[in-house]
Amino acid sequence: MKEMLGDSPSDWISRRIGSVPSETTIGGDPWPARAINASAAVRRDEAQATLHLERSLQLWEKAEDACGIAGALTALGARAMYRGDYDQATTYQREALKAYDSEGELQGLAYAHNALGESLRAAGDYTASREHYQASLKLAQQTGHRRSVAVAMSNLAQVELAAGELDAARQHLLAGLSMFREIGDAVNVASCVTGLACWHAACHTVPDGLHAARLFGLADRLLRESGGTLEAADNREADRYKAAARAALGEDEYAAAWQAGGALSLDEAMALALR
């Protein structure tokens with residue numbers, strides 16, 4: 001998924017500003033300003049984001065704030081993911097998991113398990129990623145955080161799809177899509193539609209190939225409209241299933257179905273996905 005859970009590392013940084021003495025500084029920089037800068041930099045320039053997050057991590061360590069430390073580590077892990085450094089991402093996420101665990105922070109643990117699952121799946125370790133997605137789902141259900149539940153289910157579906165567990169994958173994708181629609185999370189709606197397109201392509205029939213191409217067309221339009229992108233592992237899997245649908249249909253028929261799908265409404269797409 002493009003986004004993981006509701007409490008992002010940036011949320012942790014911003015929310016916990018009041019918990020550390022305002023005089024805490026590193027190199028003369030007051031920690032509140034640095035923390036806010038780290039939060040704002042997470043989605044901008046790579047080098048600047050990493051620099052600010054590393055300084056933020058130092059500040060949380062100086063303040064001995066485990067949840068702040070975990071938030072900064074998870075954000076650093078996300079930057080490593082974007083760079084394609086999955087080993088480094090996994091290292092950061094494992095350390096974040098330990099920090100959240102030391103506080104018994106269930107929502108943080110749900111986030112960290114999901115983030116670790118993402119980095120492991122991107123590295124190709126689907127067995128280990130499944131364990132962490134399942135742990136994330138269980139914790140998210142305990143906290144009652146619907147977006148966290150939806151993210152964990154939709155990510156777990158990717159592992160199930162890769163393992164050929166089509167019924168379970170479809171159930172999780174449909175449930176996740178329904179929740180994301182209720183929440184108004186456009187990027188993850190598009191990601192779930194992509195997952196459902198992959199599901200149809202995995203069925204290896206001509207009718208399912210047509211459904212897959214149409215859903216890929218809609219998903220690509222939704223991503224453009226939302227300004228979102230898929231994670232590296234999701235892109236890799238989508239490309240593989242797009243190739244399977246093209247092989248089943250032929251390039252011209254695939255292109256026509258993809259174009260038609262781009263004009264579908266989400267309700268029409270749901271009707272396709274439920275066939």
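1. **The model and its confidence.** You are looking at a predicted model, in which local features need pLDDT of at least 70 and side-chain atom pairs count only at pLDDT 80 or more, while totals for chains, interfaces and linings use all residues. Residues are numbered from 1 along each chain as its sequence is written, and side-chain values use heavy atoms, with hydrogens and water left out. The pLDDT is the predictor's confidence in each residue, from 0 to 100. Its average over the chain is 85, and 83% of the residues score at least 70. A contact means heavy atoms within 4.5 Å. Residues 12-18 also stay under 50, with 22 contacts beyond four places in sequence.

2. **Helix α3.** Helices here are DSSP runs (H or I, at least four residues), as strands are (E, at least two), numbered from the N terminus. Helix α3 covers residues 46-63, which is 18 residues, and spans 26 Å from its first C-alpha to its last. That is close to the 26 Å expected, where the expected span is 1.5 Å times one less than the number of residues. Its buried residues are Ala-49, Thr-50, His-52, Leu-53, Ser-56, Leu-57, Leu-59 and Trp-60. Buried means under 20% relative accessible area, exposed over 50%, and partly exposed in between (1.4 Å probe, protein chains only). Take Thr-50 as an example: it counts as buried because its relative accessibility is 15%. Leaving out residues up to four places away in sequence, Thr-50 touches Leu-76, Arg-79 and Arg-83.

3. **Two residues with positive phi.** Here is the reply to the opening: α3 is followed by Glu-64, whose phi is positive, near 55°. Glu-64 is a residue other than glycine, and its place is the loop between α3 and α4 (66-83). It counts as exposed because its relative accessibility is 69%. His-204 has a positive phi too, near 60°. This histidine is in the loop between α10 and α11 (206-226), and it is exposed, with a relative accessible area of 63%.

4. **Arg-146.** This residue belongs to helix α8 (residues 146-162). Arg-146 is called partly exposed because its relative accessible area is 41%. Beyond its neighbours within four places in sequence, Arg-146 is in contact with Met-179, Glu-182 and Ile-183. Met-179 is 33 residues away along the chain, yet the two C-alpha atoms are separated by 7.1 Å.

5. **The cavity.** A cavity is a set of points, on a 1 Å grid over the protein atoms alone, where a 1.4 Å probe fits but cannot get out; lining residues have an atom within 4 Å of a point. The count comes to 1 cavity of 30 Å³ or more, and the largest cavity has a volume of about 50 Å³. Residues lining the largest cavity include Gln-158, Ser-191, Cys-198 and Asp-234. Helix α10 gives the most to this lining, with 4 residues.

Key: 1 Å grid on protein atoms, 1.4 Å probe; cavity = no way out; pocket = protein on both sides within 12 Å on 5 of 7 lines; lining within 4 Å. Points joined across faces, edges and corners; volume = space filled by probe spheres on them.
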